[in-house]
Amino acid sequence: MADTSAKPMNGGDGLHSYTHNSTYQVYISTWIQFFFFFFWTDFVTFNLRWGVNLANSMISEAIAELFDVNQFKITSSNHSFSVADLGCSVGPNTFIAVSNIVESIKLKCQSHGVPSEAIEFQAFFNDHNSNDFNTLFKSLPHDRQYFAAGVPGSFHGRLFPDASLHFINSFYALQWLSEVPKEVVDKQSPAWNKGRIYYTNAPTQVMEAYSAQYGTDMKSFFNARAQELVCGGLMALLIPCPAVGILPSHSPIIALADLIGATLLDMAKIGLVSEDKVDSFNFPKYNPTQQELEELIEENGCFRIVKMEALVRDPKMKEAASDIKMFVPHIRAAWEGLIKDNFGSEIIDELFHRFTNKLLETFTLDHTSFEKIAELFVLLQRN
Ligand code: SAH
């Protein structure tokens, strides 16, 4: 049976690493940085500087408004404060997110007369056990204002002791499932997903199986976080979703995995991979609708939705991101591990070469493609 559990992003700091290919996540969530787009050599630096600006500024605002210095009994005596970033990968986005949270809390405490040196911060970086934590630790910022620790394990289960965290953050990670729904690899099931590796453009039963798996995973996620977060604590999530009213199959960005499937099938036809393997392989990723997420949060009942907002992208950014050759390395950094584990590393270069050609021939990533996907920013407060 194919191994279809989610896999970490590419580790190390090589050509195809996530470290060097994580800027798409950054720039799809900011407006301003695309004005710098054409200064390629400075592109990464600017991206990182502007970072996940929009989400981060919403987080800063929320901390300024909602973070209750009195509730947490933060006084001038020493106090420790814990932040966790779930699905951190190898950086640098995770460091930008954590620093922003730390800075914002310091500011809030200062405004209540608590000197910032009175508070000590502990930051936990979580990802799958097989994530490249060595690369993450090596690139920890030297001037960081927090103690750092790695927490290996799945965020679909418990990771921390009861009521031990004050802030939980997770960017671009909650679209990954804990596993592929069993029905889609069961030949006897009406949801068997033969000849495809994803739910977009598949029969309704396949989509329903994916949605049900997402529901199960997110119930575990919210239950675990409800236990770990202190009362009044905040949780910020950034999740790629289909834009309101858009079917996943009509969102080219979401349906991209389908094209990887079609490329694998092409390769199966000429004997480069086994067709059985393609049939038994499915992508463990699901992009929920806003409504699905809202229902799951409400069902859990432990969190108040402070903000739920689809981030809007600048037209210039959409234009730049539609450069397919620039876009493919991000996809490769994110998906290569999963494909390699199932089909072997020897097919990867050929697969992505063919995938790029297929995209160039058949796919239009224009500004409308980017209107059909939204980065949903969700801010929750523990009741
Ligand atoms: N937050 C980073 C990385 C996003 S990539 C950023 O914004 O750039 C998504 C990460 O989520 C990957 O590293 C993947 O390994 C991790 N991930 C996926 N499912 C996970 C799970 N169940 N538990 C922990 N990490 C998970």
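What share of the contacts in the chain with a separation of 6 or more is accounted for by residues 24 or more positions apart? In this predicted model, in which local features need pLDDT of at least 70 and side-chain atom pairs count only at pLDDT 80 or more, totals for chains, interfaces and linings use all residues. Residues are numbered from 1 along each chain as its sequence is written, and side-chain values use heavy atoms, with hydrogens and water left out. The share is 82%, where contact means heavy atoms within 4.5 Å.

The chain contains 13 helices and 7 strands, these being DSSP runs numbered from the N terminus (helices H or I, at least four residues; strands E, at least two). Of its 383 residues, 57% count as buried, that is, under 20% relative accessible area with a 1.4 Å probe, protein chains only.

Helix H4, formed by residues 93-111, reaches 27 Å from its first C-alpha to its last over 19 residues, close to the 27 Å expected at 1.5 Å a residue, the expected span being 1.5 Å times one less than the number of residues. H4 is mostly covered, with 14 of its 19 residues buried, and just after H4 the residue Gly 113 takes a positive phi of about 80°.

Definitions and conventions. Buried means under 20% relative accessible area, exposed over 50%, partly exposed in between (1.4 Å probe, protein chains only).
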